[in-house]
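Good morning, and thank you for joining this meeting.

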Amino acid sequence: MAKPYPYFVSLNEAISLCQKTQINIDSEIIPISQSINRVVSNNIHSKVNDPGFDNSAMDGFAVIHSDTLTPPTQLSIIGSTMAGSSTIQKITSGQAVRIMTGAPIPEGADSIIPIEDCTVAGSEVILNKPSKPHFIRKCGENIAKDEVGLKQGTYLTPQAISLCATMGHATVPVIERLKVGIISTGDELKSPGDDLEYGEIYESNSYGLSGLVKMLGHIPIRYSAVHDSIDALREQFNVAAEECDLFITSGGVSMGEWDFVRKLMETEGDIVFWRVKIRPGSPPLFGHWKNTPMFGLPGNPVSS
């Protein structure tokens, strides 16, 4: 006798019911070069201020803003500075320092004028426009030291990995990858490349689902398609429950006489819900087989 379970739930209800199932997994520390699509297991704090010092956002001249309010203005060039320079220069009124993008701001300077707005004549520079205080990147304006840059649960995209490096982290804490079993079902399924008999089709869902699992940073374990048999499904479910953290089936969850995945789960498994108010793809079920979470997806590739 099948146990009662929620039927034809909303998408939000389905998500909420799924989230009540917790999978206990450990975390590990890996190099950021290997962390694409992994999931952050703990908040990651910045080791540094970024930028670490006030620096120029433009190639041009570092000047005192009040010197430049009535252009054209002529100033004396007293030196130059570039990105990576460890020497902090100092200017006073009437002076300018040639500066490159990323270079530290000289002491006393409070604005930048881009090179294209200047005319250089030997040791003098004529400023044809007022300078720009906002062309200075302030220390820590991107992220401050000890600030949380990436929160627990964040997927490590290329942008997030770049932020890890910016914060000074060569390694990153991530959750261990889940092993996700994928089982397609149906007597009509053949492997791509095999010859087809009349009524047969090539099995495609397991390949697409494997790709989605990889995109989410986990490990797909793709099993051979199972024919429509309660005994065959039971045997494959037992293997997947033993080898995987969770498993996904494709096909056999609708209301037909040969929808054996649903029938097996009703009689021997534990269904949490069946059918979701989405279209296409309304027949999915979620439950547990021997305490291992399982998702039963429709067989139609778009629905799956």
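Let me begin with a definition: a residue is called buried when its relative accessible area is under 20%, exposed when that area is over 50%, and partly exposed in between. Please also bear in mind that this is a predicted model.

With those cut-offs, consider N37, which lies in the loop between β2 and β3. Its relative accessible area is 27%, so N37 is partly exposed. The backbone of N37 has a positive phi of about 70 degrees, although N37 is not a glycine. R275 also has a positive phi, of about 75 degrees, and is not a glycine either. R275, however, is placed in strand β19, and R275 counts as buried because its relative accessible area is 18%. As background, most residues other than glycine have a negative phi, and most peptide bonds are trans.

D50 and P51 are joined by a cis peptide bond, with omega about -5 degrees; P51 belongs to the loop between β3 and β4. A cis peptide bond also joins P71 and P72, with omega about 0 degrees, and P72 sits in the loop between β5 and β6.

Which residues touch the most other members of the largest nonpolar core? They are F237 and F247, in a core of 21 residues. At least two residues of this core come from each of α4, α5, β19 and β20, and α4 gives the most, with 5 residues. Apart from this core lies another, of 13 residues, including I32, V40, C164 and V174. In general terms, nonpolar side chains tend to be buried together in soluble globular proteins.

Leaving aside neighbours within four places in sequence, F247 is in contact with G181, I183, F237, A240, A241, W289, T292, P293, M294 and F295.

Next, the helix α4 itself. It has 14 residues, and the distance from its first C-alpha to its last is 20 Å, close to the 20 Å expected at 1.5 Å a residue. Its buried residues are A232, L233, Q236, F237, A240 and A241. On the face turned away from the buried side, α4 carries the exposed residues D231, E235 and E242. At the N-terminal end, S229 caps the helix, with a side-chain oxygen 3.3 Å from the backbone nitrogen of D231.

D231 leads us to the charged pairs. How many salt bridges does the structure hold? There are 7. In one of them, the side chains of D231 and R234 meet at 2.8 Å, N to O. Because D231 and R234 are 3 residues apart in α4, about one helical turn separates them. At 52% relative accessible area D231 is exposed, whereas R234, at 25%, is partly exposed. D231, R234 and E268 are linked in a network of salt bridges.

Another salt bridge joins R38 and E28, at 2.6 Å, N to O. R38 lies in the loop between β2 and β3, and E28 in strand β2, so the pair ties together parts 10 residues apart in sequence. R38 is buried, at 8%, while E28, at 29%, is partly exposed.

Finally, K190 forms a salt bridge with E200, their closest N and O atoms being 3.4 Å apart. K190 lies in strand β15 and E200 in the loop between β15 and β16, so this pair, too, ties together parts 10 residues apart in sequence. K190 is partly exposed, at 23%, and E200 is partly exposed, at 22%.

Thank you for your attention.

How values were computed: Residues numbered from 1 in each chain as written. Predicted model: local features only at pLDDT ≥ 70, side-chain atom pairs only at ≥ 80, totals over all residues. Heavy atoms only, no water. Core = buried A, V, L, I, M, F, W, Y, C linked by side-chain atoms within 4.5 Å. Buried < 20%, exposed > 50% of the residue type's maximum accessible area, 1.4 Å probe, protein only. Helix = DSSP H or I, 4+ residues; strand = E, 2+ residues; numbered from the N terminus. Contact = heavy atoms within 4.5 Å. Expected span 1.5 Å × (residues − 1). Polar contact = N/O pair within 3.5 Å; in protein donor to acceptor, adjacent residues only side chain to side chain. Salt bridge = Lys/Arg side-chain N within 4 Å of Asp/Glu carboxyl O.
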